[in-house]
Amino acid sequence: MKRLLILGGTSISRQIVYAARELDMEVYVTDYLADSPCKKLADKSFMVSCTDVDAVVDLIKREHIDGIIMGYADVLMPYYVKICEKAGIPCYANLHAIDVTADKAQFKALCKDFDVPIVPEYTLDDIQNGAAQYPVLVKPVDNSGARGIFICHNREEFDAYYPESLSYSPSKHVLIERFITAPEATIFYYLHNGEIFNVGVSDRHMLKFSDKLLQLPVGYTFPSVNRDEFMKEEDKNIKALFRSLGMKDGMVFLQSFNENGKYVIYEMGYRLTGSLEHHLMGQAYGFDHLKEILNFAVGNPVDTAPLKTESLGNAILANVTLLLSEGVIAQYKGFDECRNIPGVLHIHESYDPGTVIDEKIMGKLAQVGIRVLLYADTREQLLQRMDRAKAALGVLSTDGREMLIKNYSYQDICKI
């Protein structure tokens, strides 16, 4: 039985535990929290900080661990690579690729070199001399999860939000971008031994709460309405960009705007996706990229044969992403009813009962409370199933209120 060490036992990393167990792996977890969610599920757990490279390497050697995986936290990526290198175990990434792709400014500069469309920027001089056209978006170059990102509709709002955005940036560097209101899309790649596979292009359906808060995703549908155009025009340049960074293995997702059929990239993640598409890919193509990343981590063979098919990327799939309003979670409801909906593959709840949802997470991806992964035979059937899943599920607060935001229809908002 291979031994897998998970760096960081967050709630979403339970997905790694589930997948590892299906692969008959022994699961170890380490972080600096005594009660992290994955530690409750692990075979063994440790109070060793993931950022203490030498201590984690000692743990790996002492416990005869075969491989490690960093889950969904960008901040741990450099430590993951350093630990793997020092322990002599498989690592899917390299530090150069992580440094470039984690920094939004460096990544955008590289995109320009490979003719990959990016969001236009303004400088501070543009703001000061009145050359910027509002609204503008300010965001730290080195943070994720929509933290530190603000919409500014005028100079007064810019002056108020710019310093706050700067406080979220470890390097004290903020981008000022044109605010784009086009539909969004997310693009997914799997890499193995230098081969690069586009495993999906999805439309990312957003919900607007206010003029000041960022829109947040409430669903993803595959394939994107303009997937064919993307594969014809932009796929080859993005693959060339990956190769320039020495990227040979792992999972990648790209966030973009679908502006008149042209995919304008604004962010990249070189890690597992918190939106849990591995359930969809496993169903559609018989290739669960989370499981295969775990196999890679412990030195098991990875079979990419299912990805070498003409049908790759064409399956009709969805991720129902339900957002929470403020309150204290008392209980979840409707899971059994939702599981009985045809096509439902998996339901993931983000928080335990008793968790306080407050204004600090409003407008950030932490507002996601439940995800439902499902598939269908037609797009019309897909949207119907998405609405059925949303209607079935609920999150009650301690004062008896429904905390899920459900005042929309997927059959309406998924029209692009």
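His-64 is exposed, with a relative accessible area of 59% (buried means under 20%, exposed over 50% and partly exposed in between, with a 1.4 Å probe and protein chains only). His-64 sits in the loop between α2 and β4, and its C-alpha atom is 21 Å from that of Lys-40, 24 residues away along the chain. Helices (H or I, at least four residues) and strands (E, at least two) are DSSP runs, numbered from the N terminus.

Bear in mind that this is a predicted model: local features need pLDDT of at least 70, side-chain atom pairs count only at pLDDT 80 or more, and totals for chains, interfaces and linings use all residues. Residues are numbered from 1 along each chain as its sequence is written, and side-chain values use heavy atoms, with hydrogens and water left out.

**Helix α3**

- In α3 (residues 77-87), the buried residues are Met-77, Tyr-80, Val-81, Ile-83, Cys-84 and Ala-87.
- Looking down the axis of α3, those buried residues fall within an arc of 165°, so they line one face of the helix (the arc is that of the directions from the helix axis to the C-beta atoms).
- The general rule here is that an α-helix has 3.6 residues a turn, so residues three or four places apart point the same way.
- The partners that the buried residues of α3 pack against are β1 (3-7), α2 (53-63), β4 (67-70) and α4 (95-102), where contact means heavy atoms within 4.5 Å.

**Helix α7**

- α7 covers residues 155-167, and at 1.5 Å a residue its 13 residues should span 18 Å; the end C-alpha atoms are 19 Å apart, which agrees (the expected span is 1.5 Å times one less than the number of residues).
- There's a kink of about 30° at Tyr-161, shortly before the proline Pro-163; the bend at a residue is the angle between axes fitted to the seven residues ending there and the seven starting there.
- Tyr-161 is also one of the buried residues of α7, along with Glu-157, Phe-158, Tyr-162 and Ser-165.
- Packed against the buried residues of α7 are α6 (124-128), β6 (136-140), β7 (150-152) and β8 (174-178).
- Where α7 starts, a side-chain oxygen of Asn-154 comes to within 3.2 Å of the backbone nitrogen of Glu-156.

**The β17-β15-β19 sheet**

- Three strands make an open, antiparallel sheet in the order β17-β15-β19 (two strands pair if DSSP finds at least two bridges between them).
- β17 (356-357) and β19 (394-397) are the edge strands, each with a single partner, so one side of each is left without a neighbour in the sheet.
- Between β15 (residues 327-333) and β17 there are two bridges, and Val-328 stands opposite Val-356 in β17.
- β15 and β19 are joined by four bridges, with Ile-329 partnered by Ser-397 in β19.

**Two strand residues**

- Gln-255, in β12 (residues 250-259), is buried, with a relative accessible area of 10%.
- Leaving aside neighbours within four places in sequence, Gln-255 is in contact with residues including Ala-185, Arg-204 and Tyr-266.
- Tyr-375, in β18 (residues 368-375), is partly exposed at 28% relative accessible area.
- The C-alpha atoms of Tyr-375 and Leu-280 are separated by 7.4 Å, although the two are 95 residues apart along the chain.
- Again leaving aside neighbours within four places in sequence, Tyr-375 has contacts with, among them, Gln-283, Pro-342, Leu-382 and Arg-385.

How values were computed
Polar contact = N/O pair within 3.5 Å; in protein donor to acceptor, adjacent residues only side chain to side chain.
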